[in-house]
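Student: I'd like to go through this structure with you, starting with its open spaces. Could you set out the residue classes before we look at any lining?

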Amino acid sequence: MSLRFNTVIFDMDGTLLDTLDDLADATNHALAAGGYPQRSIEEVRKFVGNGVGMLIKRSLPDNADESEYEKTLAAFKEYYAVHCNDRTSVYEGVNELLDKLKADGAFVAVVSNKLDSAVQELGKLYFPDNVDFFIGERDGLRRKPESDMIDVVLEASGKGAADAVYIGDSEVDIKTAANAGLKGISVSWGFRNPDFQRKMGAEIVADTPQQVYQVLTSSFAGAFFRLYDRKLCSGEITFSEIGMKKDDFTRLCIDESYVLPYQEIQKISDRMHLTQFEKELLLSFAEKQ
């Protein structure tokens, strides 16, 4: 299968691995050690994404001082180093996606704001054969959404930003892709919901790993004709109803690299009554106007 991007970079927490329970347990262990109130799973879900330091800052009461923060952070790190895999699991379909990408020749990497030691441990445990490179929070590199860790991956892959895509679940990941000059894909099965992701600027939201693979392996013409043929065969539309110029239709038949203008794709998608994902898939090929 032909890939749109040679380098495929994933976030870890909320994208490849469901780590929320272990993060919440470590957070509440650290809070309990300092005599602070516990946090719910939903609170921790909202707090993650900017590294463990910010997770602890957000979890502590507003009146906690710097020394209390440092003690709580140290307690979290000590506990999580031992218990980072007590209740963590791989999201369904993720390993199958990674296996396909490796078989297609992609350089697959993980970039996370998680502590680098935990990223390396979990990465080698869950993805020993289908991920080429792991990097987490470490000294000398700014955390996401800055592009420092993405730059390290691109250097390791030997490819540029135009050949890479970044896939994650949070607003931090959306900003990371933009800051690094990469195409971004958001996934809806993680720690943020699709409405919030789109509000934060996500251009395409995939609901399953299979949809991610579809985005990574489709051409515009291929995606369009797959949708068009389905709608045509079901009797939902006729060619005249979608309002496409015959010259454009003919060119799509003979030139797989051809992409319609952004506004034209929007109009055709609406006339074809495409789902949100299908519309976003087609629009992902065009320059936004």
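Tutor: For the residue classes, Ala, Val, Leu, Ile, Met, Phe, Trp, Tyr, Cys and Pro count as nonpolar, Asp, Glu, Lys and Arg count as charged, and the others, Gly among them, count as polar. This is a predicted model, in which local features need pLDDT of at least 70 and side-chain atom pairs count only at pLDDT 80 or more, while totals for chains, interfaces and linings use all residues. Residues are numbered from 1 along each chain as its sequence is written, and side-chain values use heavy atoms, with hydrogens and water left out.

Student: Okay, so how do the residues lining the largest pocket divide?

Tutor: The lining of the largest pocket divides into eleven nonpolar, seven polar and six charged residues. A pocket here is an open set of points, on a 1 Å grid over the protein atoms alone, with protein on both sides within 12 Å along at least five of seven lines, whereas a cavity is a set of points where a 1.4 Å probe fits but cannot get out; lining residues have an atom within 4 Å of a point.

Student: How much space lies in the largest pocket, and what is closest to its centre?

Tutor: The largest pocket holds about 480 Å³ of space, where a volume is the space filled by probe spheres set on the grid points, which are joined across faces, edges and corners. It is lined by 24 residues, of which G184, G201, A202, E203 and I204 are the closest to the centre.

Student: Which helices and strands supply at least two residues of that lining?

Tutor: At least two lining residues come from each of β6 (164-168), α8 (171-180), β7 (183-187), α14 (262-271) and α15 (276-283). Helices (H or I, at least four residues) and strands (E, at least two) are DSSP runs numbered from the N terminus.

Student: And the second largest pocket?

Tutor: The second largest pocket contains about 280 Å³ of space. Its lining has 13 residues, with R4, S284, F285, A286 and E287 the closest to the centre, and that lining divides into seven nonpolar, two polar and four charged residues.

Student: How many cavities of 30 Å³ or more does the structure hold?

Tutor: The structure holds one cavity of 30 Å³ or more, and about 230 Å³ of space lies in the largest cavity. Of the 20 residues that line the largest cavity, D13, V48, G49, N50 and N113 are the closest to its centre.

Student: Which element gives the most to the lining of the largest cavity?

Tutor: That is β4, with three residues, while α3 (52-59), β4 (107-115) and α8 each supply at least two. By class, the lining of the largest cavity has seven nonpolar, six polar and seven charged residues.

Student: Stepping back, how does the overall fold look in numbers?

Tutor: The protein has 15 helices and eight strands, and its C-alpha atoms fill a box of roughly 70 × 35 × 30 Å along the principal axes. The radius of gyration, taken over C-alpha atoms, is compared with a globule rule of 2.2 Å times the number of residues to the power 0.38; for 289 residues a compact globule would have a value near 19 Å, and the 21 Å of the protein agrees with that.

Student: Is T7 buried or exposed?

Tutor: T7, in strand β1 (residues 7-10), is buried because its relative accessible area is 0%. Leaving out residues up to four places away in sequence, T7 touches F107, V153, S157, K159, D163, A164 and V165, where contact means heavy atoms within 4.5 Å.

Notes:
Buried < 20%, exposed > 50% of the residue type's maximum accessible area, 1.4 Å probe, protein only.
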